[in-house]
Amino acid sequence: MNVPDVGTDVDKAAGILHDGGLVALPTETVYGLAAAIDRPDALRRIFSVKGRPIDHPLIVHVVDVNQARTLCCEWPSPAERLSSTFWPGPLTLILRRSGAVPDEVTGGRDTVAIRCPSHPMAQSLLRLVRTPLAAPSANRFGRVSPTCAQHVVDDLDGDVDYVLDGDSSSIGVESTIVDCTVEPVQVLRPGAITADQIERVVGSAAPASGPSRASGMLESHYAPRCKIIAVESSEEGERLSAKPRHRLIDTRTSPDDAARRLYADLRRCDQEGVETAVIVLPEPLGIGLALRDRIMKAAAGA
Ligand code: TXA
Ligand code: MG
């Protein structure tokens, strides 16, 4: 087995990206598998390493709003307001792309997903490379997203040139995705920044609708191998999990902590041969909404 190179050397990571290599990038949401957007071979390698269909678009990570604006041909006022309120942070904006974005990134779409991460190591790397970085979550296709360097190593072995170790992700679920190419804007994926917060900034926001919206969301990001049963109360969770090879994951009392730990907990269930994870859902408030979304998808095997 190839032993992957893991460390905290941001200069080395920047050099590898410049040379067309792949680097696992820590962010506040989950770890990404990054390539420079001006390296078509590296972009194609992301898809082969992940086992991801090539028409499945990638998120482009930028150092700031100015760099984001070079990637789009329109910068509508919701994009201006949302980026100035929530960037750097766990928010991805869909915008009409400019000629600076290669087809490999967007799967041929005329839109591009852009996000400015707040993780200090991601920020320093982006400042050093000076090229936007395309990065999907650094898991193999169909596995849950990685939230620490060890998860990336477990999933990708030596198929990544360097794993930048930035500790455990502080949020633990993927970014909120907002489509700014429609009026009103649409929330395509819930995350730590809620639809209510988005609405307060842009006036109104709609939930995702229409078949084209769903097409990018088909990847089963959230499914572990064990069976998931989702319940609404701790009592029910305790009752259903009191069986051999069952495990209780109770997210109700502390949803922020539970979000940080969910993917690690699910990976541990698989490693330890758990047959069924019984998950007590959080209340549908704040991060609880994103957490419920990921847990329900895992329960549906979606
Ligand atoms: O928190 C995150 O967003 C993490 C970190 C690494 O930044 N990234 C992440 O990437 O979750 P990924 O590839 O696992 O999920 C990206 C999602 C996919 O559902 C994809 O379909 C959607 O973003 N997406 C990308 N470009 C799009 C576009 N132009 N239009 C609609 N959806 C798009
Ligand atoms: Mg993913």
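1. Helices here are DSSP runs of H or I with at least four residues, strands are E runs of at least two, and both are numbered from the N terminus. On that numbering, C72 sits in the loop between α3 (65-69) and α4. The model is a predicted one.

2. Stay with C72 for a moment. C72 has a relative accessible area of 9%, so it counts as buried. Leaving aside residues up to four places away in sequence, C72 touches L95, R96, R97, S98 and I114. Look at R97 in particular. C72 and R97 lie 25 residues apart in sequence, yet their C-alpha atoms are 4.1 Å apart in space.

3. Next, the nonpolar core. The largest one holds 47 residues. The largest share, 5 residues, comes from α2.

4. Not counting residues up to four places away in sequence, L91 touches L82, F86, I114, R115, C116, S175, T176, V178, I193 and I198. There is also a second, separate core of 22 residues. Among its members are V30, V144, L266 and A290.

5. Which residues of α2 are buried? They are A42, L43, I46, F47, V49 and K50. An α-helix has 3.6 residues a turn, so residues three or four places apart point the same way. The buried residues of α2 pack against β3, α5 (103-106), β7 (133-134) and α7. Just after α2 comes G51, with a positive phi of about 70°.

6. α7 is mostly covered, with 6 of its 8 residues buried. The buried ones are A149, H151, V152, V153, D155 and L156. Note that H151 and D155 are on that list. The partners of these buried residues are β1 (6-7), β2 (23-25), β3, α2, β8 (162-164) and α11. D157 follows α7 and has a positive phi, near 45°.

7. Two helix pairs deserve a look. The axes of α1 (residues 10-18) and α6 (residues 120-129) come within 9 Å and cross at roughly 50°. α1 and α6 are therefore oblique to each other. The crossing of α1 past α6 is right-handed. On the α1 side, V10, D11, A13, A14, L17 and H18 make the contact. On the α6 side, the contact residues are M121, S124, L125, L128 and V129.

8. The second pair is α11 (residues 255-271) with α12 (residues 287-299). Their axes come within 9 Å and cross at roughly 30°. Here α11 passes α12 in a left-handed crossing. P255, D256, A258, A259, L262 and Y263 of α11 meet I287, L291, R294 and I295 of α12.

9. How many disulfides does a search of the whole structure find? It finds 0. A disulfide is a covalent bond between the sulfur atoms of two cysteines. C269 is in no disulfide either, with its nearest cysteine sulfur, that of C226, 4.7 Å away. The cut-off for the pair of sulfur atoms is 2.5 Å. C269 has a relative accessible area of 0%, so it is buried.

10. Last, the backbone. Most residues other than glycine have a negative phi, and most peptide bonds are trans. Two cis bonds are worth checking in the viewer. The bond from W87 to P88 is cis, with omega near -10°, and P88 lies in the loop between α4 and β5. The bond from E183 to P184 is cis too, with omega near -10°, and P184 lies in the loop between β9 (176-179) and β10.

11. R130 is not a glycine, but its phi is positive, about 60°. R130 is found in the loop between α6 and β7. R130 counts as exposed because its relative accessibility is 69%. R245 has a positive phi of about 55° and is not a glycine either. Its loop runs between α10 (234-241) and β13 (246-250). With a relative accessible area of 52%, R245 is exposed.

How values were computed:
Residues numbered from 1 in each chain as written. Chains lettered and ligands numbered in written order. Predicted model: local features only at pLDDT ≥ 70, side-chain atom pairs only at ≥ 80, totals over all residues. Heavy atoms only, no water. Core = buried A, V, L, I, M, F, W, Y, C linked by side-chain atoms within 4.5 Å. Buried < 20%, exposed > 50% of the residue type's maximum accessible area, 1.4 Å probe, protein only. Contact = heavy atoms within 4.5 Å. Axes fitted to C-alpha atoms, helices over the stretch in contact; angles between N-to-C directions. Parallel < 35°, antiparallel > 145°, perpendicular 65-115°, else oblique. Left-handed = near helix turned anticlockwise from the far one by under 90°.
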